[in-house]
Each structure stands twice: as structure tokens, then as C-alpha cells.
Amino acid sequence: MTALPNPPADHPSDEASPADESATPRRGIRSFVLRAGRMGTGQQRALEELGPRFVLPFQDQPLDAAAVFGRQAPLVLEIGFGMGAATAEIAAGRPDTDFIGVEVHTPGVGALLKRIGEQGLGNLRIVQHDAVQVLEQMIAPATLAGVHIFFPDPWHKKKHNKRRLIQPPLVQLLASRLALGGKLHCATDWQPYAEQMLEVLSAEPALTNTAQGYAPKPDYRPLTKFEARGLRLGHGVWDLVFTRR
């Protein structure tokens, strides 16, 4: 397969990666392709030393989160965390919540493992696998307190719009995995994609918008350097927060 072009080095998708590269809608074409990327020595060491503890193997049965984390706590799943900066910051700021990050790219997994080790994040685990299969087989219905999808690949060209992650079948699946009152939080810096997200999410009968249109940025979502610079230049960022009814 032909590798996707890498995003600019300081794009927010480096900190909260193209989420659709970790998910495969139920059709014949995958929405991600694996590219090797460069592994730093710290990332490689983290994979070797911390991977056995913090990377959960994919399994075809529901995950026992209480056994994994050693406690009963709200569980949030993130699709496509990139290099893990935002994921680690959110987990550090919400110690009473457990997090599972799903990402297919090994350098990002290594980078987040390194952050886990440096910050002592016991409330964070990783699954390196296709997110749709994780949702379908590892996550039982009505068990998630939240789902995060930050800055997924917008697939700018109209002919590629069908590859976007936020489509009705996936949204229906996500809604089914949320507990009542659970939140689906998406964010994008591409207005046409924000408009599509709003349309698709609003059409899902199991979800309710928490705002009249786009939501204010929740305090727990970190402001990336790219995002802060873009806002100073007048560029937009759109958050969408829907709850399971």
C-alpha cells in the first residue's frame, strides 16, 4: 500500500494523531496504512521495558477494565493519539479516570509509553490495533464514560471525504459503547470536516448535543502549540461534545 503523506511536524495531529488511522469503518478499504516512522532510542526502550505492562494485547472478548487497572473507575477511550502528548496530559489531569488509547503506529506507541514512565501514569493503557475491532470486540456495550477523537485526518479533497472517520456506522458503534450520560468529544481544525461531524453526530438518535452547535473547548483538552498559534492568526478550531441519551 502507498504510505499516506506525513502531517506537518507541528500539526496537532502529531500530538493527537489522525484518529482515523486507528480505525477501519466496515468496508473493504482500510482508513489507515502503516508507515514505519523513525523510532528514537527512548521510544524503543519504552516499548521494551514498559510495553509488556501498559500495552494490552488485542482480544476477541470484552476487556475487564477493573482487573486491568485494579479499581472501578470511569473509562475513556481515545482513538488515534499520535505521539501521545495530549493523551498523557489529560490522564495526568484526571487521575480518578482510566484511559485506553488506541493507535496503530509504533513510534507513537513508544512515545506515549515514554511519557507514561516519566510521569508515572498508572491510569493509562494502550491498544495497538484497529479501533473498530477494539470497539466491537474488546469494549462491551454501555461501558465507556467517554470517547475522544481529536484532530482526525480531514481528508481535504472531496473525492477522499468518504475516508473520513466520522461517518454514521462508526458513530452508531461509538454511541452503543457509551454508558448513559457518557460523552463523545471530537475536535477538528478543518471547518468543512467540523460541519460534517456536526451533521453526522446530530443525526445519531442515541446522542444529544451538549451545545447549540459547536461546544466551548472543555478545560481537560490541552491547547496544543499549533492550535494556540493558529488561534492567534485567526484560524478556527471546533469542538463537538455529544452525550449518550
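This report describes selected local features of a predicted model.

**The loop between β4 and α6**

The loop between β4 (144-150) and α6 (168-177) holds Lys-157. Phe-151 is placed in the loop between β4 and α6, and Trp-155 also has its place there.

Two of these residues have backbone angles of note. Phe-151 is not a glycine, yet its phi is positive, at about 55°. Trp-155, likewise a residue other than glycine, has a positive phi near 45°.

With a relative accessible area of 2%, Phe-151 is buried. Trp-155 is buried as well, at 9%. Lys-157, by contrast, is exposed, because its relative accessible area of 53% lies over the 50% cut-off.

Lys-157 also takes part in a positive surface patch, whose other members are Lys-159, Lys-162 and Arg-163.

**The loop between α3 and β2**

Thr-97 is found in the loop between α3 (85-93) and β2 (98-102). Its relative accessibility is 9%, so Thr-97 falls under the 20% limit and counts as buried. When residues up to four places away in sequence are left aside, Thr-97 is in contact with Arg-71, Pro-74, Val-76 and Asn-123.

**Accessibility of the residues discussed**

| Residue | Relative accessible area | Class |
|---|---|---|
| Phe-151 | 2% | buried |
| Trp-155 | 9% | buried |
| Thr-97 | 9% | buried |
| Lys-157 | 53% | exposed |

Key
Residues are numbered from 1 along each chain as its sequence is written. This is a predicted model: local features need pLDDT of at least 70, side-chain atom pairs count only at pLDDT 80 or more; totals for chains, interfaces and linings use all residues. Side-chain values use heavy atoms; hydrogens and water are left out. Patches are made of residues with over 30% relative accessible area and no salt bridge: like charges are joined within 9 Å, nonpolar side chains (Val, Leu, Ile, Met, Phe, Trp, Tyr) within 5 Å. Accessible areas come from the Shrake-Rupley method with a 1.4 Å probe; for residues, only the protein chains shown count as cover. A salt bridge is a side-chain nitrogen of Lys or Arg within 4 Å of a carboxyl oxygen of Asp or Glu. Lys and Arg count as positive and Asp and Glu as negative; His and the chain ends are not counted. The place of a charge is taken as NZ of Lys, CZ of Arg, CG of Asp or CD of Glu. Helices (H or I, at least four residues) and strands (E, at least two) are DSSP runs, numbered from the N terminus. Buried means under 20% relative accessible area, exposed over 50%, partly exposed in between (1.4 Å probe, protein chains only). Contact means heavy atoms within 4.5 Å.
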